[in-house]
Each structure stands twice: as structure tokens, then as C-alpha cells.
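This note accompanies the model that you sent for comment. Please read it with the structure open.

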Amino acid sequence: MAKKQLSEKDMEVITLNTAEELKNQEKVKIRLHLPPEQKQKLEAAMEQGKEVQWPYQVVAINGYVYQIQLGKTVEVPKSVAEVLEHAGLI
């Protein structure tokens with residue numbers, strides 16, 4: 001039996017539903033590893049007024065995407081933390 005192909009509209013609905021579920025989910029604080037020497041270089045560049053692209057980790061759940069900065073404590077929905085935990089990143 002062939003699987004039904006999802007249309008772009010179907011995917012949009014799934015993504016919006018996922019966004020709403022994540023918004024209402026319990027939040028947890030996490031911190032992804034950033035080597036201290038890399039963090040020091042980034043902070044020094046920021047202090048000098050340079051534009052800095054802070055490194056981040058991407059997590060996507062059903063089309064809804066999070067970009068989580070490394071080395072900073074942030075709050076994320078519990079499902080996002082679970083994805084990162086299963087990946088061995090926290």
C-alpha cells in the first residue's frame with residue numbers, strides 16, 4: 001500500500017500545530033557546550049565592536065526550527081531538550 005504524499009499545505013498545518021504545542025509545553029533551561037577558548041574569542045571580538053556570528057545548534061521538530069546558541073543558558077520546550085539529550089548534546 002502506497003503512502004499518501006503530504007502536500008505543502010499539509011506540512012504547513014503540521015508545522016503550525018507543532019509550533020502551538022511547543023509554545024504551550026513546559027520549558028527547561030539548557031546550555032550546549034562551547035569550548036572556553038572559542039567563547040573568549042567571540043566575547044573579545046564583541047567587546048571590540050566587531051560583528052560576531054555566535055555558533056548554534058539547529059533542532060527541528062515537524063518543520064518547526066530552533067537555533068540554540070552554544071555556551072549560553074537558554075530556555076527551550078521540553079521536547080527540544082529531549083531531542084538534544086538523545087543526540088548526546090546535553
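The points below go from the chain as a whole to individual residues.

1. Basis of the note. The model is predicted, so local features are reported only at pLDDT of at least 70 and side-chain atom pairs only at pLDDT 80 or more, whereas totals for chains, interfaces and linings use all residues. Numbering starts from 1 along each chain as its sequence is written, and side-chain values rest on heavy atoms, with hydrogens and water left out.

2. Elements. The protein chain contains three helices and four strands. Helices (H or I, at least four residues) and strands (E, at least two) are DSSP runs, numbered from the N terminus. Read from the N terminus on, the order is α-β-α-β-β-β-α. The radius of gyration, taken over C-alpha atoms, is 17 Å. Along the principal axes, the C-alpha trace spans about 60 × 25 × 25 Å.

3. Burial and contacts overall. Residues are called buried under 20% relative accessible area, exposed over 50% and partly exposed in between, with a 1.4 Å probe and protein chains only. By that criterion, 24% of the 90 residues of the protein chain are buried. A contact means heavy atoms within 4.5 Å. Among contacts with a separation of 6 or more, 56% are made by residues 24 or more positions apart.

4. Ile61 has Tyr64 of β3 as its bridge partner. Two residues lie between the strands of this hairpin. Asn62, in the loop between β2 and β3, has a positive phi near 50° although this residue is not glycine. For context, most residues other than glycine have a negative phi. Asn62 is partly exposed because its relative accessibility is 47%.

5. Which residues does Thr18 contact, leaving aside its neighbours within four places in sequence? They are Ile61, Asn62 and Tyr64. Thr18 belongs to helix α1 (residues 8-24) and counts as buried because its relative accessibility is 8%. Tyr64, by comparison, is partly exposed at 30%.

6. Aromatic rings. Rings of Phe, Tyr and Trp (its six-membered ring) pair if their centres lie within 6.5 Å; planes under 30 degrees apart count as stacked, over 60 as edge-to-face and the rest as tilted. One such pair is found in the whole structure. The pair is Tyr64 and Tyr66, with ring centres 5.4 Å apart and planes at 70°, so the arrangement is edge-to-face.

7. The surroundings of Trp54. Trp54 is in the loop between α2 and β2 and is buried, since its relative accessibility is 7%. Not counting residues up to four places away in sequence, Trp54 touches Leu34, Lys39, Leu42, Glu43, Met46, Gln69, Leu70 and Lys72. Lys72 lies over the face of the Trp54 ring, at 4.2 Å from its centre; the criterion is NZ of Lys or CZ of Arg within 6 Å of the ring centre and within 35 degrees of the ring normal. Met46, in helix α2 (residues 36-47), is partly exposed at 45% and touches Val52 as well as Trp54, with the same exclusion of residues up to four places away in sequence.

8. Helix α3. In helix α3 (residues 78-86) the buried residues are Val80, Ala81 and Leu84. Viewed down the helix axis, these fall within an arc of 100°, so they line one face of α3; the arc is that of the directions from the helix axis to the C-beta atoms. The buried residues of α3 pack against β1 (27-31), β2, β3 and β4 (73-77). Glu85 and His86 are exposed on the other side. Just after α3, Gly88 has a positive phi of about 80°.

9. Gln25, in the loop between α1 and β1, is partly exposed at 24%. Leaving aside neighbours within four places in sequence, Gln25 is in contact with Pro77, Lys78 and Ser79. The C-alpha atoms of Gln25 and Ser79 are 8.0 Å apart, with the two residues 54 apart in sequence.

Terms used
Two strands pair if DSSP finds at least two bridges between them. The radius of gyration is taken over C-alpha atoms; the globule rule is 2.2 Å times the number of residues to the power 0.38.
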